[in-house]
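Welcome! Take a moment to look over the sequence and the model, and then we can walk through them together.

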Amino acid sequence: MNASAISGPSRDWAVAVFVVWRGTVLLHEHAALGRWLPCGGHVEPGETPDDAAVREVLEESGVPVVLLGEAPVSAPGPRPLTRPRGVQLEAIGPGHEHIDLVYLARPEHGYDGALHGPASLGWYDRASLERLPLTPEIRAWCDLALAEVDHAA
C-alpha cells in the first residue's frame, strides 16, 4: 500500500433518504449548509446503514419510514440489508469525505402527513421542486425518486 493511500482524506459513512409520499418528496433547507437536502446523516458506531437511514428520517422529520429496495438474495443465513439506490463519494471539506448511501423510502402505512422539523421541511411535488434552488445532484435524485417510487406504488 502506498503512502498516499494511507494519508488520504478522512471518511465517514453517511445516509441520505429520499422519502416519497403521494407524489411528493420530503426535503428541507439545511440550516448550516444553506442547501436543500433530504433527511440524512452519519451512520453511528454499531449501527447498520438501514437503521441509520430510518433513524435519521424519524429524528429530522418525525416520519416513520420503510426503506425501498431489494435484498441481493433471498436465502437462509445472514440478515439481508436494504440495497441502497446509490453509493457516492462526496467531498465535505478539506481532507474529509462522506461515503453516502442513498436510499429511497416511503412513510409507514397509516402515516397522516404530520411533520416535525424546521419550517422549510415539507413535501414538495414536481412543480414545487422546479421553484426550489436545488443543486443538479439533488434535482436528479428527486426526479429519480418520484419516477421510481410512483412507478412502484
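## The nonpolar cores

The largest nonpolar core holds 19 residues, and V17, V19, L26 and V57 have the most contacts inside it. A nonpolar core here is a set of buried Ala, Val, Leu, Ile, Met, Phe, Trp, Tyr and Cys residues joined through side-chain atoms within 4.5 Å. Buried means under 20% relative accessible area, exposed means over 50%, and partly exposed is in between (1.4 Å probe, protein chains only). At least two residues of this core come from each of β1 (10-21), α2 (49-61), β5 (65-68) and β7 (96-107). The largest share, four residues, is supplied by β1. Helices (H or I, at least four residues) and strands (E, at least two) are DSSP runs, numbered from the N terminus.

Which residues does V57 contact, leaving aside its neighbours within four places in sequence? They are V17, V19, L26, C39, G62, V63 and V65, where contact means heavy atoms within 4.5 Å. A second, separate core has 18 residues, including Y124, L129, L134 and I138. In soluble globular proteins, nonpolar side chains tend to be buried together.

## About the model

This is a predicted model, in which local features need pLDDT of at least 70 and side-chain atom pairs count only at pLDDT 80 or more, while totals for chains, interfaces and linings use all residues. Residues are numbered from 1 along each chain as its sequence is written, and side-chain values use heavy atoms, with hydrogens and water left out.

## The overall fold

The protein chain has four helices and eight strands. Read from the N terminus, its elements follow the order α-β-β-β-β-α-β-β-β-β-α-α. The radius of gyration of the protein chain is 16 Å, close to the 15 Å from the globule rule for 153 residues, so the chain is as compact as a globular protein of that length. That radius is taken over C-alpha atoms, and the globule rule is 2.2 Å times the number of residues to the power 0.38. Along the principal axes, the C-alpha atoms fill a box of roughly 50 × 45 × 25 Å.

Of the 153 residues in the protein chain, 39% are buried. Among contacts between residues at least 6 apart in sequence, 64% join residues at least 24 apart.

## Surface and charge

The protein chain has an accessible surface of about 8,700 Å², and 57% of it belongs to carbon and sulfur atoms. Accessible areas come from the Shrake-Rupley method with a 1.4 Å probe; for residues, only the protein chains shown count as cover.

There are 11 positive and 21 negative side chains in the protein chain, and the centres of the two sets lie 5 Å apart. Lys and Arg count as positive and Asp and Glu as negative, without His and the chain ends. Each charge is placed at NZ of Lys, CZ of Arg, CG of Asp or CD of Glu.

Start with R22, in the loop between β1 and β2 (24-30). Is R22 buried or exposed? R22 counts as exposed because its relative accessibility is 70%. Its phi is near 50 degrees, a positive value in a residue other than glycine. Most residues other than glycine have a negative phi.

Next comes E90, in strand β6 (residues 86-93). With a relative accessible area of 22%, E90 is partly exposed. Not counting residues up to four places away in sequence, E90 touches R35, H96, E97, H98 and D100. Finally, A71 sits in the loop between β5 and β6 and is partly exposed, at 32% relative accessibility.
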